[in-house]
Amino acid sequence: MADAALHKAPAPRRRAPGTARRSTHALRARVSVALVAVTVLAVLLVPPLVQLDQQAVDLAAKLRPPTWAHPFGTDDVGRDLLLRCVYGLRVSLLVGVAAALTATVLGTAVGATAGAFGGWVDRVVMRLVDTFSSVPHLLLGIFIVAMFRPGVWPVIVSVALTHWLSTARIVRAEVLSLRARPFVDAAVSGGASRRRVTVRHLLPGVLPQAGLAAVLMVPHAMWHESALSFLGLGLPTHTASLGTLVQSARGSLLAGQWWPTLFPGLFLIVPTLAVAGLAGVWRERINPRRRSELML
């Protein structure tokens, strides 16, 4: 018995909770980077490498299920669905990135102005932000798009003008936090003007938060564009975007053809999850408290 006890195999070590969290965190970051890289490469390389016209109609091959010749199948007029999805993702990404950058610049300017000036300027600006926030985004976006002819730029303007409010609130809160820091008090005591303090000290401090807001806004803008195009108010029906592809596939789905709806939906969901994963990694890097919680 004693010999058996002496030669007993040591118990396996348990991984610390912090180690498991860090490994999960690293895996999520790698998967997100890989998905974003695949998305960017598909958008950049597939159209020039694949010598096919994404608008070419072949009624003899309409609504064919996925095959080697057409990995995603064909749509209701015989166009290759893989190529259409790539072109649709290209347009949706263009709308999402342009709208996110525009909304971030507008929200940063409004939020920094309100936080830097304070007083009655802050109160007036934030009441205006609250007023705009009381209107549903989609309803306001429909109203803006309805004033223009269908196209890419009206959708970008619509999404940008309805999504800067959250960025303005985030930037204002960060500016108010920075105003209480000792280095800002030292700059003011040294005779620095309000403009110099804002440009040299406050704006650089809010750029990480503004950048994170821009990254998070890209998939949100893509979904907003898809919703407007699905309602027939965004891009023209002949323009390949993820919203127009899903909208044109409604009849096929009711008839039992699932592929014209599934693959554009996946092209919308997968980049959204990838960007959200990267944004989560970014948030944990710029938030030391969150990073310390992950290490526990």
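Predicted model: local features only at pLDDT ≥ 70, side-chain atom pairs only at ≥ 80, totals over all residues.
Trainee: Why is Ala160 called buried?

Mentor: Buried means under 20% relative accessible area, exposed over 50%, and partly exposed in between, with a 1.4 Å probe and protein chains only; Ala160 has a relative accessible area of 3%, and is therefore buried. Its place is in helix H6, residues 152–162, where helices (H or I, at least four residues) and strands (E, at least two) are DSSP runs numbered from the N terminus.

Trainee: Which residues is Ala160 in contact with, leaving aside neighbours within four places in sequence?

Mentor: Ala160 is in contact with Ala99, Thr102 and Ala103 once those neighbours are set aside. Ala160 and Leu106, which are 54 residues apart in sequence, are 8.4 Å apart in space, C-alpha to C-alpha.

Trainee: How do you know that Thr167 is buried?

Mentor: The relative accessible area of Thr167 is 1%, so this residue counts as buried. Thr167 is found in helix H7, residues 165–179, and, not counting residues up to four places away in sequence, touches Thr104, Gly107, Thr108, Ala213 and Met217.

Trainee: What part of the protein as a whole counts as buried, and how many helices and strands are there?

Mentor: Of the 296 residues, 39% count as buried, and the protein has 13 helices and 0 strands.

Trainee: What makes a space in this structure a cavity, and how many are there of 30 Å³ or more?

Mentor: On a 1 Å grid over the protein atoms alone, a cavity is a set of points where a 1.4 Å probe fits but cannot get out, with points joined across faces, edges and corners, and with the volume taken as the space filled by probe spheres set on the points. The structure holds 1 cavity of 30 Å³ or more, and about 70 Å³ of space lies in the largest cavity. Lining residues have an atom within 4 Å of a point, and those of the largest cavity include Leu63, Asp75, Asp76 and Pro260.

Technical notes. Residues numbered from 1 in each chain as written. Heavy atoms only, no water. Contact = heavy atoms within 4.5 Å. 1 Å grid on protein atoms, 1.4 Å probe; cavity = no way out; pocket = protein on both sides within 12 Å on 5 of 7 lines; lining within 4 Å.
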